Amino acid sequence: MSGYVEGVIILIGINIIAVLGVSILTGFTRLFSFGNAGFMAIGAYASAILTTKFNMPFLISLLGGMLMAALISLALGKLTLGLKGDYFLITTLGFGECTRVLIEFLDPITGGARGYAGIPQKTTLLIVLISVALAITVARNLLNSKYGRNLKAIREQEIAADAVGIDTARFKQLSFTVSAIYAGWAGALFAHYYMFITPAMFNLDKSSELTITVVIGGLGSLTGSVIATTVLTLLPEVLRSVANYRMLFYGIAVVLIITLRPNGLMGYKELSASWIKNLPIQVRRMFRCRKEVA
Amino acid sequence: MKEILKIANLTKKFGGVCAIDNFSVTLEEGTVHGLIGPNGAGKTTIFNTITGIYKPTGGTIEFMGKDITNKKPYQVAQQGIGRTFQNIRLFSQLSVLENVFIAGHMDADYDLFAAILRLNKFGKKEKYLRENCIELLKILGLSDKLNEKAGSLPYGHQRKLEIARALALRPKLLLLDEPAAGMNRDESKELVEFINELKEKFKLTILMVEHHMDVVMSICRRITVLNFGKTIAEGTAKEIQTNKLVREAYLGGEDAAC
């Protein structure tokens, strides 16, 4: 396999892990975050520092990056998860930017705005593939258990979730922390693949990209998130000449999807064998509906 | 008879407005208690205060001998108080089965690792819970709609599903907020039988808010009448029907007529 193709696959894999985190938070708990790139940055820098300054093996650095993101999400969640919808969103936005600026200021530790160089390349295709498989399995198992059901209950109707005995604060925190761990994981893999990281890589653009990918893939669908990430990571590679207009394209895609197909590509559905089997029937039904309307 | 719910001098103020003024009631196990009164009398506020959505300004709420006055909503529910809502609040994107499944979460006592690693224990508990939920939905007559989206059910079924969801908690006390809202005479008659049946089957005590007088009069052993947050009468259906204050509250008093 050529190095280029391998690089693209690794990038897709890393993005999938970060997007899955946002998918759990936004698609299944209805908590919108525009700060997950901040958790990616924390994972990236923490793991990079562990590898280079403390000579830790890659696995330990990886876990260290995830743990660091988890701890910060716990502290942040305590402060902000009591807020309702849009207010919470704004705090995540603030958090993401704060993290980026803080990393720039902590020059002696993080290398500041010039970036952090000299990270050994440890992320291989195999490690990424294993990570993606693990991330998908954990997310799927988590969501298909009482934990995931409780998250969905919060998404659907928070007051009713409370009324059936779900400690909504605790489960929102769970969702937020899992999402941060995934972001930290992706960040650590990212740092050890590109070997050089700067705070600007984890800016608001990156955060919005993650959330937009989840919305395009469809809220409440893991397979939707995976498909959307793959397509959206591949597109700028395939259409190199227009790659600079990526964010423009994202913006247009979101507007189109929210107006034409508000549930996204796969909203609230998972791609499975039975779904594919039923596809012809669904398509037929869709056309019949159209005709009736006409 | 054992006392199951004891509310003493409950008061709730929103700024200068006294939504509940010194409300007291005692529910005996296995009875149905009605809460009636004109719109804005504070009936739903009482429900929301019992279930912890509102913090009371004063007074105490005791459930099965335990003080639950300042407990959070989920803690109250875990103690064994299930409720339905006046404006139906289902998990509407989810299936009928999932709605009940979610409410049974306390029976699924596995931890996060068992869920992620899919340990044996997880499978067993989930299977057991699923069977229980299907059984419950069978009793409520919703078993042929397991995989339908809750939000797309007809209104009557949505009401039933809300009750099913509350029952999945295995409550001792069930709070029904206008279960007969939007029902005609025949439907509400059916509802009365249905509630009586459930009460026997699940050994429930029920506190209900209702505007349909035929429902209230035929099912409630005792009734409390509220007006502007104040209790104006309490007694059996007969006593309430002949109470002068109650008539005035509903039909207007002599001086209020002009």
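The model is predicted, with local features requiring pLDDT of at least 70 and side-chain atom pairs counted only at pLDDT 80 or more, while totals for chains, interfaces and linings use all residues. Residues are numbered from 1 along each chain as its sequence is written, chains are lettered from A and ligands numbered from 1 in the order in which they are written, and side-chain values use heavy atoms, with hydrogens and water left out.

**Chain A: α1 and α9**

- Helix α1 (residues 3-27) of chain A packs against helix α9 (residues 168-194) of chain A with axes 7 Å apart and an angle of about 165 degrees, the axes being lines fitted to C-alpha atoms over the stretch in contact and the angles running from 0 to 180 degrees between N-to-C directions.
- α1(A) is therefore roughly antiparallel to α9(A), a term for angles over 145 degrees.
- The contact (heavy atoms within 4.5 Å) includes A:G7, A:I10 and A:L11 of α1(A) and A:S175, A:F176 and A:V178 of α9(A).
- By class, this contact of α1(A) with α9(A) has 18 nonpolar, four polar and no charged residues; Ala, Val, Leu, Ile, Met, Phe, Trp, Tyr, Cys and Pro count as nonpolar, Asp, Glu, Lys and Arg as charged, and the others, Gly among them, as polar.

**Chain B: α3 and α6**

- The axes of helix α3 (residues 96-103) of chain B and helix α6 (residues 155-167) of chain B come within 7 Å and cross at roughly 30 degrees.
- α3(B) and α6(B) are therefore roughly parallel to each other, as angles under 35 degrees are classed.
- B:V96, B:N99, B:V100 and B:A103 in α3(B) meet B:L161, B:A164 and B:R165 in α6(B), and the residues of this contact divide into five nonpolar, one polar and one charged.

Terms used:
Helix = DSSP H or I, 4+ residues; strand = E, 2+ residues; numbered from the N terminus. Parallel < 35°, antiparallel > 145°, perpendicular 65-115°, else oblique.
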